[in-house]
Each structure stands twice: as C-alpha cells, then as structure tokens.
Amino acid sequence: MIKHPRRARRCQLSVPGSSEKMMNKAAGLTLDHVFLDLEDAVAPNAKPAARGMIVDALNDLEWLPKTVCVRINDVATEWCHDDIIEVVSGAGARLDTIMLTKAKSAADVMFVHLMLDQLEQKLKLTNRIGIECLIEEVEGMMNVEEIAACSDRLECLIFGMGDYSASQQIQIGSVGSSGSYPPDLWHYPRYKMTIACRANGIDPVDGPYANFRNPQAYTREAERANTLGMVGKWAIHPSQIELANQVFTPDPEALETARKQKSAYAEALEQGLGAINVDGVMVDAASIRIVQNLIDRADLVGM
Ligand code: COA
Ligand code: MG
C-alpha cells in the first residue's frame, strides 16, 4: 500500500533559504533530515533571490543529511507556483521532498502533487519527489483525515504549533511552548493528527520549539510527541538536533528486551502457546505488535 520510500525523521532541521552561511553549515551536519526554507524564515523581498540560493546550495554542496527537502510558501500566496517551478527545474534531481505550508484541504496538497507530475515529466526526472505537509491552520486540522489520505506522494504531516496557535487564537508566549495549560495544550491536535497519519501509513512529526536555550522544555515536548507515536521533532537551531535524536532513537535496553521477547514468542508459537512469561512480563500477539514497532524504528536507523 505504501509506495513512497521509508525515511528516518527523528529530527528535521529548519534552515533559512536566504542564508548561505546556515545552508553551508546544515550541509555538513549528520542528521536524518533538513529543510531549506522559502516561507516564514525568509522575508518577502528576499524570497525570489532565496530560490536561486537554494538551487545553488542543492547543486553545489555535498549534503550529509539523509533527506533534503525544500519548504515552500502556501498555495494562497503569489510565491507558491514559482517556488515549485524554480526549485524543481533548478535542482529537482537533488531534492527528496517538498514541504507544503498552511495546507487547509486535500486540494492544496493536490496542487503540489500535480505540479510535480508535470515537472517530473517535462524535466525527465528519474527520482520521484515526495510531499511533506504542515497542519497549522484550524481548517487543516479539521480536514486532516482527507489530507492524510489524498496523495501517494505524501510522506508525513507536521503539526506546526506556531501558526496553529495564531489560527486558533491560542493565548501563549513563544512558539511551541504549551504554557501552563494543564496538563498539555498540544495533546488534542497531536493526537488527532497522529491518528490520521497512522491510518494512512505516513509519518507524524512534531513542529518547532522556538526557545532554543531551554533544552529541558524541548525534551519534554519531544517526549510527549514520541509517546503519542510521532516519529520526530523539528529543530530550529543545531543545538536541538541531539535532543531530538535522544528522544526518538530507540533506547538500546528497550530494543534488546524487544528482540528477546520477539524470539521467545516465535519459539512459544511453535509449541502452540499464545501468551508467555518473559522475565515477569506477559507477552502475547498484541504486545508483539508493539515490540515490532520499536524494532522497525531501530531498523530504519540501522541499530
Ligand atoms: N541551521 C543551520 N545553522 C544554524 C541554524 C540553523 N537553523 N541556526 C543557527 N545556525 C548556526 C549559526 O549560523 C551559527 O553558526 P557559526 O557558529 O558558524 O557562526 C551557529 O549555528 C550558532 O548559532 P547562534 O549564534 O546560537 O544562533 P543565531 O543567533 O545565529 O541564530 C536563529 C538564531 C533563531 C536566528 C537561527 O537559529 C535560525 O534562523 N533558525 C531557523 C529559523 C527558521 O527556520 N524558522 C522557520 C521555521 S520555524
Ligand atoms: Mg508556519
């Protein structure tokens, strides 16, 4: 059912496409995913030039991050179609995915999908460019189920709490902070989006935390996202990469236990047993599904 490649997304680093310095730095970082931004990190009068800077960076630099993505302006802006045409025409072969912002409906995602269909044919690209999509408008959250199901290019949805807060008129301070709302302001949108992703075989990803001098709060937010089944979190600063990797990389001890339970269960099945005791823990078919999720995550990052 899933046609797109499986990619690790423990951390997605946001890099302003108007900053040659930061793109140079990002190219040399070892991490799962970077996205070069044409949207909010780039001032309107710098956007046209940033497209060319991104094309040059994609073509000229050796990129260590495993997945390289470009984030584009939303379909209601004057920039969206030129973002897609210029970046894909200039460096489509070097691009893994395009990230759409502020999607409100499946039609918004299909606009990008159809543009990519056309450009890939015209340019005779042999790679198929994937789509990533931010859920950061109240309409997008309402329509998240149809958005998650709409395109076989779609690889992940990201909960963008900054714009989402504005869209819903949530009263908080800085982006990503859940303030003092007990117990967790983001519980409902994260949970809702994660269900939609899982039901369609795509990855749920958690958005930014703006105060990069607060590693404890970042880690707390990442742990909440991880517990709900999300696969990773954004970094807006290099110092957040390691924090995300720590949370979203399977714990080696838990992984060892998972593999032990899996092999013990396989042996038990041969003897006709459906539920067994492994070191004081009941293991049955349901627990093996949970265990397999952890093993799959570990396999994806080569553990
Ligand atoms: N990607 C790549 N490199 C980055 C980076 C990023 N997102 N953020 C910071 N750096 C680099 C800096 O250039 C600096 O490099 P140097 O040591 O070679 O001089 C180093 O990391 C340390 O940066 P620091 O001085 O601590 O931060 P800053 O004041 O230069 O930048 C921000 C702070 C917030 C402006 C910057 O991190 C940023 O632009 N982040 C991304 C914003 C974004 O993309 N927003 C949209 C999505 S929410
Ligand atoms: Mg946004």
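Reader: Which residues does Leu-154 touch, leaving aside its neighbours within four places in sequence?
Author: Leu-154 is in contact with His-4, Val-109, Ile-131, Glu-132, Cys-133, Ile-147, Ala-148 and Ile-202. Keep in mind that this is a predicted model.

Reader: Where does Leu-154 sit?
Author: In strand β6, which covers residues 154-159.

Reader: Is Leu-154 buried or exposed?
Author: Leu-154 is buried. Its relative accessible area is 1%. The cut-off for buried is under 20%, so Leu-154 qualifies.

Reader: How far is Leu-154 from Ile-202?
Author: In sequence, they are 48 residues apart. In space, their C-alpha atoms are 7.3 Å apart. Ile-202 is also one of the contacts of Leu-154.

Reader: OK, zoom out. How many helices and strands are there in the protein chain?
Author: Twelve helices and ten strands.

Reader: What radius of gyration does the chain have, and what would a compact globule have?
Author: The chain has 20 Å. A compact globule with 303 residues would be near 19 Å, so the two agree.

Reader: And what does the C-alpha trace span along its principal axes?
Author: About 65 × 50 × 35 Å.

Reader: What share of the residues is buried?
Author: Buried residues make up 50% of the 303.

Reader: Charges next. How many positive and negative side chains are there?
Author: There are 30 positive and 41 negative ones. The centres of the two sets lie 1 Å apart.

Reader: New topic: the magnesium ion. Which protein donors does it have?
Author: Ligand 2, the magnesium ion, has Glu-136 (OE) and Asp-163 (OD) as its protein donors.

Reader: Glu-136: buried or exposed?
Author: Buried, with a relative accessible area of 3%.

Reader: Back to strands. What about Leu-36?
Author: Leu-36 lies in strand β2, residues 33-37. At 0% relative accessibility, it counts as buried.

Reader: Which residues contact Leu-36?
Author: Leaving aside neighbours within four places in sequence, they are Val-15, Met-23, Ile-54, Leu-58, Trp-63, Cys-69, Val-70 and Arg-71.

Reader: How far is Leu-36 from Asn-73?
Author: They are 37 residues apart in sequence. C-alpha to C-alpha, the distance is 12 Å.

Reader: And Thr-67, where is that?
Author: Strand β3. Thr-67 is buried, at a relative accessible area of 3%. Beyond neighbours within four places in sequence, its contacts include Arg-7, Asp-32, His-33 and Glu-132.

Reader: Which peptide bond is cis?
Author: The one from Pro-182 to Pro-183 is cis. Its omega is near -15°. Pro-183 is in the loop between α7 (161-168) and α8 (187-199).

Reader: What about phi of Asp-279?
Author: Asp-279 has a positive phi too, near 50°. It is found in the loop between β9 (276-278) and β10 (281-283). Asp-279 is exposed, with a relative accessible area of 62%.

Reader: Last one: where is Glu-78?
Author: In the loop between β3 (67-72) and α3 (80-91). Glu-78 counts as exposed, at 62% relative accessibility.

How values were computed: Residues are numbered from 1 along each chain as its sequence is written. Chains are lettered from A and ligands numbered from 1 in the order in which they are written. This is a predicted model: local features need pLDDT of at least 70, side-chain atom pairs count only at pLDDT 80 or more; totals for chains, interfaces and linings use all residues. Side-chain values use heavy atoms; hydrogens and water are left out. Helices (H or I, at least four residues) and strands (E, at least two) are DSSP runs, numbered from the N terminus. The radius of gyration is taken over C-alpha atoms; the globule rule is 2.2 Å times the number of residues to the power 0.38. Buried means under 20% relative accessible area, exposed over 50%, partly exposed in between (1.4 Å probe, protein chains only). Lys and Arg count as positive and Asp and Glu as negative; His and the chain ends are not counted. The place of a charge is taken as NZ of Lys, CZ of Arg, CG of Asp or CD of Glu. Donors are N, O and S atoms within 2.8 Å of the metal (3.2 Å for Na, K and Ca); water is not among the atoms, so sites may look incomplete. Contact means heavy atoms within 4.5 Å.
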